[in-house]
Amino acid sequence: MPALHLPDLNVLLVDDDSFMLEFVTSLLRERGIRTITTASDGNKGIAAYDRARAKPNLVLCDLHMPGQDGFQLMEELARRHYSGGVILISGQEDRTLRSAKLMAQFHQLNILGALPKPVTGEALMGALAGFKAAQAAHAE
Amino acid sequence: MIEVFLSPGDYFVGDARHQVRTLLGSCVSITLWHARLRVGAMSHFLLARSSEQDGAAARVDGRYGNDALRLMLAGLERAGVPRSGCSATIIGGGNMFAPQPGSDTVAIGRSNGLAARQLLQQAGIPIAYENLFGDGHRQLCFDIASGTVRVRQLAPSPQPDPAAPYPFHPTIASPPCQLSTSLT
């Protein structure tokens with residue numbers, strides 16, 4: 001698999017907070033990423049995933065959402081053998097993020113980072129750097 | 001002296017007992033200050049303006065610049081402070097990363113700074129001082145008793161040292177924001 005450049009990423013962003021959808025989309029666009037699909041809960045997120053002809057290679061998801069939450073979304077992604085990167089976002093305490101990270105690892109998802117809200121550009125870019133490194137290692 | 005620290009999305013309205021601080025990257029703070037009444041307000045917003053339609057159901061959200069200004073003006077009005085006597089400063093809007101090749105998007109920091117100017121112009125509030133754009137973080141301290149705005153800009157690399165001591169190093173002076181080289 002060739003290493004990806006940031007602008008080549010196909011991102012699925014799932015959060016019930018419309019501000020966060022807008023803010024993280026702006027951060028990603030600022031980094032040159034063009035293909036971004038947003039969804040306001042886990043149900044809509046997995047529906048968008050299933051609908052997509054070109055599957056996302058990066059999923060950013062909030063953990064706590066009405067309807068299907070981030071934990072359930074991860075289960076659905078694992079069921080679909082999703083092999084791209086996952087970045088978790090949460091306004092909850094660190095313990096919740098750590099639990100979610102463990103759960104994602106249990107499902108053999110490729111967790112790139114677990115970011116507390118409010119997400120900063122630096123934190124997001126740090127997680128994306130991990131993604132690029134993983135891609136590069138995979139390409140070797 | 002009561003110190004207040006603003007996190008992203010917060011705003012504050014207070015009197016001469018308060019000193020308000022924050023740390024800005026691409027975010028922008030607007031300060032409003034009434035010189036005679038010694039009452040001021042400060043925001044810390046992340047995005048220029050809400051893209052949602054205005055309406056009764058729309059939530060006013062201090063993370064957006066337009067909403068943050070509305071919240072500050074409403075707070076000042078509740079405190080009996082007319083906007084007509086207020087002057088403003090705009091701080092922040094820094095570039096946190098080198099421009100990305102292929103990106104034709106206006107950087108978030110620049111968009112925030114430009115929006116702040118426009119919002120204040122629309123509100124009819126004069127801008128007394130601004131310290132915008134460039135690279136890296138800014139530490140900001142607004143002393144409501146004196147109207148002093150002190151800014152210290154930190155280079156993007158190495159990462160800012162949270163333990164870095166004052167004094168700040170303001171770069172531009174314009175009344176009524178009195179500048180000093182030290183808080184001491």
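All views come from a predicted model.

**View 1. What chain B and chain A cover up between them.** On the residue side, chain B puts 21 residues into the contact, and chain A puts in 19 residues.

**View 2. The charged pair across the interface.** Zooming in, the side chains of B:Arg63 and A:Asp17 meet in a salt bridge, at 2.9 Å from N to O. The count of salt bridges between chain B and chain A is one. If you go looking for polar contacts too, four residue pairs turn up across this interface, with both residues at pLDDT 80 or more. As for what sits on the side of chain B that touches chain A, the residues split into nine nonpolar, seven polar and five charged.

**View 3. The open sheet of chain B.** Here four strands of chain B line up in the order S1-S3-S8-S9, with mixed pairing. Strands S1 (2–5) and S9 (148–154) of chain B stand at the edges with a single partner strand each, so one side of each has no neighbour in the sheet. On average, neighbouring strands of this sheet are turned by 15° against each other, direction ignored.

**View 4. S1 next to S3 in chain B.** Strand S1 of chain B pairs with S3 (residues 18–24) in the parallel sense, over four bridges.

Conventions:
Residues numbered from 1 in each chain as written. Chains lettered and ligands numbered in written order. Predicted model: local features only at pLDDT ≥ 70, side-chain atom pairs only at ≥ 80, totals over all residues. Heavy atoms only, no water. Pairing = 2+ DSSP bridges. Helix = DSSP H or I, 4+ residues; strand = E, 2+ residues; numbered from the N terminus. Axes fitted to C-alpha atoms, helices over the stretch in contact; angles between N-to-C directions. Contact = heavy atoms within 4.5 Å. Salt bridge = Lys/Arg side-chain N within 4 Å of Asp/Glu carboxyl O. Polar contact = N/O pair within 3.5 Å; in protein donor to acceptor, adjacent residues only side chain to side chain. Nonpolar A, V, L, I, M, F, W, Y, C, P; charged D, E, K, R; others polar.
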